[in-house]
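Please read this report alongside the sequence and the coordinates.

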Amino acid sequence: MRKVAVIGAGMTLFRRRLQETPKELCYEAARGALDSAGLDLADVDAVVSGSAPDAFDGVHMKGEYFLDGCGGTRKPYMRVFTGGGTGVFSTIAGWWHVASGLADVVLVVNEEKMSSCQPHPQSVFAHIWDPILDRPLQPNLIWIFAMEMNRYMTVHGIKKEDIARVAVKNKRNAVDHPCAQLADPHITVDDVLKSEVMAWPVQRLDISPPSDGAAAVVLASEDVVRRRRIKDRAWISGVGWCIDSTMWTDRDLVFPEYVARAAQMAYKMAKIDRPRKQIDFAEPYDPFDYKELHHLEGLLLADKGGAPKLTRDGVTERDGDLPVCPSGGLMGVGNPIAATMGIKVGELFWQLTGQAGKRQIPHEVRTGVTQAWGDLMQYGCVVVMRA
Amino acid sequence: MYGGKVTQTRFRPDARYAWSAGEAMSRFLEELQNGRLIARTCAACERVLFPPRMFCELCFRPTDAWTHVLDTGTIETFSVSYLDTNAKRIAVPILVGVVSLDGASPRMGMMHYFGEMTKDDIRIGMRVKAVWRPPEERRGSVLDIAYFRPLREGEG
């Protein structure tokens, strides 16, 4: 397999409702990524896009609908979808185009516009459930996260205060992100604990709300990096992905085994056998505050039930020993599902190339890991990147 | 216009769905009408698979036999929801969660509602029993169980 580098990244604002069309959002992110790589569309061999269910936009064949904005016309183009995992998975799809030798430069563009769906995109999620077993009970998607959070808290004896610390950390980190929707420099643990209960134990400030946005990265082969003397690049050293059964009522939700399997696949490729020593920072998927903790354990960066202590001890702060979500994460920057690529893969690129500005981790970081999660609490994908 | 602010299109597609229940779930729904829960066994991994399925997804071979499981079980996890299916707020919370059923392999169960308990009583590990709708009201649906209630002393 050939070495693959991320050589550029771009993203739009994340907002509850943006006035731009999906196509315009894609264009803005893609143009930004190409500009940061110093390339033009003519240099791009293939385009990969990622986006969540078509029903948010109310337009089927969404990948074709925003294709022009992705720069995909008259090129090999594909859209990938792995639920919430799309935010990291589309980069893996881009990676295999380059690693295989099929393409030298690939543009990856992710878009989400959830605000089109009125009055609330939640009603679209009703259609992901098993029609016979689950749907007669009229489930709300937040229920399953509440159930997973409750199981995780109860089995390990974790207090809500310790979970709320993640929301506080990430919303404060997001103050330094120019695209952030939900930054709050003054938020406290008490604010999270006193916020409205949605589906206990999930409260308003435990969750990242729907959002609009787009993000893009440019991937290139080692040969392109050398030939063009590209200095700002971060190497993709490992990729992994894994899915467990959709029959979620047959699984113990306390530990995301599928994330651990995806991580082991990525770590093996990246020659990482002691992740806690060899990984300098992480951007795990944090659509809920407890998910950052759950995923740190799945990524084998904390013992089972041990991630809350890392947060409480300040280890995961931007200036801690293992900075986690230095971008501000989904909790702080926003959650336009697939477009979270900008704060996951994008953040790894910016941190590893020293371009994260006010978000830059104050000590030197050489290796980062990012991960996304989706479908019915069953899908994990992991990317390891090196400076 | 939506809320007087944005252009909105109302579109109600004429697309109704008639899902095939399949062999395993058809039998499962039929047994619900009889007030019973049914599973399938896999002789290779020796699991009692609930919900029932005609092939084992791990052994990747046909399952072997039908077996009834009990309508009692344990709350594996739950939520107290103040949101309905469309994320609208509701005053009286819905108690909902996963029940692992006695007689099935460990942690195998189903999502359902809980009743005859308050949000302060419910806890993980609580023993519960199905409350069935009267036979004439059963329709071959998971809603043939109204909810799960706490197991009383001397039961199960």
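The sections below take the model from its basis, through each chain, to the contact between the chains.

## Basis of the model

This is a predicted model, in which local features need pLDDT of at least 70 and side-chain atom pairs count only at pLDDT 80 or more, while totals for chains, interfaces and linings use all residues. Residues are numbered from 1 along each chain as its sequence is written, and chains are lettered from A and ligands numbered from 1 in the order in which they are written.

## The sheet of chain A

Chain A contains an open sheet of nine strands with mixed pairing, in the order β3-β2-β4-β7-β1-β8-β11-β10-β9. Helices (H or I, at least four residues) and strands (E, at least two) are DSSP runs numbered from the N terminus, and two strands count as paired if DSSP finds at least two bridges between them. Because β3 (77–80) and β9 (281–283) of chain A each have a single partner strand, they stand at the edges, and one side of each is left without a neighbour in the sheet. Direction ignored, neighbouring strands of this sheet are turned by 25 degrees against each other on average; here axes are lines fitted to C-alpha atoms, for helices over the stretch in contact, and angles run from 0 to 180 degrees between N-to-C directions.

Strand β4 (residues 105–113) of chain A has nine of its nine residues buried, so it is largely enclosed by the rest of the structure. A residue is buried if 20 or more other C-beta atoms, placed from the backbone, lie within 10 Å of its own, exposed if 12 or fewer do, and partly exposed in between. Val105(A), Leu107(A), Val109(A), Glu111(A) and Lys113(A) point one way from β4(A), whereas Val106(A), Val108(A), Asn110(A) and Glu112(A) point the other way. Strand β2 (residues 46–50) of chain A pairs with β4(A) in the parallel sense over five bridges, with Ser49(A) having Val109(A) as its bridge partner. Strand β7 (residues 212–221) of chain A runs antiparallel to β4(A) and is joined to it by nine bridges, and Val105(A) has its bridge partner in Ala220(A) of β7(A).

## Helices of chain A

Helix α15 (residues 345–352) of chain A is mostly covered, with eight of its eight residues buried; among them are Glu347(A), Phe349(A), Trp350(A) and Gln351(A). The helix is followed by Gly354(A), whose phi is positive, near 70 degrees.

The axes of helix α7 (residues 160–173) of chain A and helix α12 (residues 289–298) of chain A come within 7 Å and cross at roughly 100 degrees. That makes α7(A) roughly perpendicular to α12(A), on a scale where angles under 35 degrees count as roughly parallel, over 145 as roughly antiparallel, 65 to 115 as roughly perpendicular and the rest as oblique. Ile163(A), Ala164(A), Val166(A) and Ala167(A) in α7(A) meet Asp289(A), Tyr290(A), Glu292(A) and Leu293(A) in α12(A), where a contact requires the C-beta atoms of two residues, placed from the backbone, to lie within 7 Å. By class, the residues of this contact are six nonpolar, no polar and two charged; Ala, Val, Leu, Ile, Met, Phe, Trp, Tyr, Cys and Pro count as nonpolar, Asp, Glu, Lys and Arg as charged, and the others, Gly among them, as polar.

## Chain B

Chain B has one helix and ten strands. Its radius of gyration is 19 Å, well over the 15 Å that the globule rule gives for 156 residues, so chain B is more spread out than a compact globule; the radius is taken over C-alpha atoms, and the rule is 2.2 Å times the number of residues to the power 0.38. The C-alpha trace of chain B spans about 60 × 40 × 35 Å along its principal axes, and buried residues make up 29% of its 156 residues.

Three strands of chain B form an open sheet with antiparallel pairing, in the order β2-β1-β5. Strand β1 (residues 37–42) of chain B pairs with β2(B) over three bridges, and the bridge partner of Arg40(B) is Leu49(B) in β2(B). Helix α1 (residues 22–33) of chain B lies across β1 and β5 of chain B, running at about 145 degrees to β1(B).

## Where the chains meet

The contact takes 33 residues from chain B and 31 residues from chain A. On the chain B side, β6 (72–83), β7 (89–101) and β8 (109–113) each supply at least two residues, and β6(B) gives the most, with eight residues. That side of chain B has 19 nonpolar, ten polar and four charged residues.

Strand β5 (residues 197–200) of chain A also pairs with β6(B), in the antiparallel sense and over two bridges. Within β6(B), Val80(B) stands opposite Trp200(A).
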